[in-house]
Amino acid sequence: MRTDTLFKEKTVFSYEIFPPRRTAPIDTIYHTLDRLKGQQPDYISVTLGAGGVGLNLSTADIAQKIQEEQFLPSVAHLPAVNFSKEEIVKILEELKQKKVENILALRGDILPDKKPKQDFPYANDLVEFIREQGDFNIIGACYPETHGDAASSVEDIKNLKRKVDSGTNQLISQLFFDNNYFYTFKEKCDIAGIDVPIQAGIMPVVNKKQIERMVKMSNVTLPLKFLKMMERYELNPEAIRDAGIAYAINQIVDLVAQGVDGIHLYTMNNPYVAQKIREATRSLFEI
């Protein structure tokens, strides 16, 4: 099932999970999926692992398992800079065979110790190529606080418009902790004529190391109330977990009340956190 059709009927709620590290058994992610059963997200996306480095062959298998055993649409992540055209063709054929219709087409992280492939310098190049290879639902990423490599927010919106015009059917935002950034970004998209559904990416922060890692990797602003929360509870693991869950729930309540197209929850493969958030907000998505 194509995930872009879901937005015609409801406010969408979805999960993101990631495959285990190459040194870990694949069964660890299947255990996570088993614990996510019954939470009834509208779909689940599967990354290529931390940083999207290299081809993790388990991604397509996990996406297939989600569809066959949980009867949910799945999304496979595909970063442009990591693959040649020949490799992308093989991956697309595998996804077709496994009946995975949805692809999150990303540029991917350019890492200092890994030379990027040259066939797809930008995400819109990959979007155009996927469009030529088959009838996939193509999803794109967007950045409420502007992509870190963009010269300005205006340039970033122009690039996003180019990506949508290339064939992107829906968007998922990077995480953010101040909803006002998302609302301002959405207004800019409306002005630019970007009219595809945009899901807000929400990541519940449940420990101090997690937020330190995110700040290092992402261009996100930490509001004062968020910093105060981290400072107050950082030495109490249970308290900071519960506070992080509550913060994410408050973000979601506000976003849904303001008419967001959907929520995409970055679960970090933590079924307990996902369940608590889903239970607290489920009724919001049934109205």
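A nonpolar core is a set of buried Ala, Val, Leu, Ile, Met, Phe, Trp, Tyr and Cys residues joined through side-chain atoms within 4.5 Å. Buried means under 20% relative accessible area, exposed over 50%, and partly exposed in between (1.4 Å probe, protein chains only).

I am working from a predicted model, where local features need pLDDT of at least 70, side-chain atom pairs count only at pLDDT 80 or more, and totals for chains, interfaces and linings use all residues. Residues are numbered from 1 along each chain as its sequence is written, and side-chain values use heavy atoms, with hydrogens and water left out.

**Cores**

I looked up the largest nonpolar core and found 61 residues. Ile17, Leu78, Leu95, Ile130 and Ile263 have the most contacts inside it. Helix 9 (residues 237–257) gives the largest share of this core, 6 residues. I take helices (H or I, at least four residues) and strands (E, at least two) as DSSP runs, numbered from the N terminus. A second, separate core has 24 residues, including Ile172, Met203, Met230 and Ala243.

I then checked Ile17, with contact meaning heavy atoms within 4.5 Å. Neighbours within four places in sequence aside, Ile17 touches Ile29, Leu33, Ile62, Ile66 and Asn269, among others.

**Helix 1 against helix 2**

I compared axes, which are lines fitted to C-alpha atoms, for helices over the stretch in contact; angles run from 0 to 180 degrees between N-to-C directions. Helix 1 (residues 27–36) and helix 2 (residues 58–69) have axes that come within 11 Å and cross at roughly 25°. That makes the two helices roughly parallel (under 35 degrees; over 145 is roughly antiparallel, 65 to 115 roughly perpendicular, the rest oblique). Ile29, Tyr30 and Leu33 of helix 1 meet Asp61, Ile62, Lys65 and Ile66 of helix 2.

**Helix 1 against helix 10**

Here the axes lie 9 Å apart, at an angle of about 20°. Helix 1 is therefore roughly parallel to helix 10 as well. I noted Thr32, Arg35 and Leu36 in helix 1 meeting Pro271, Tyr272 and Ala274 in helix 10.

**Thr281**

Thr281 sits in helix 10 (residues 271–281). I count Thr281 as buried because its relative accessibility is 0%. Beyond its neighbours within four places in sequence, Thr281 contacts Phe13, Ile249 and Ile252.

**Helix 4**

I listed the buried residues of helix 4 (residues 123–133): Ala123, Asn124, Leu126, Val127, Phe129 and Ile130. They pack against strand 3 (74–79), helix 3 (85–97), strand 4 (102–106), strand 5 (137–142) and helix 5 (153–165).
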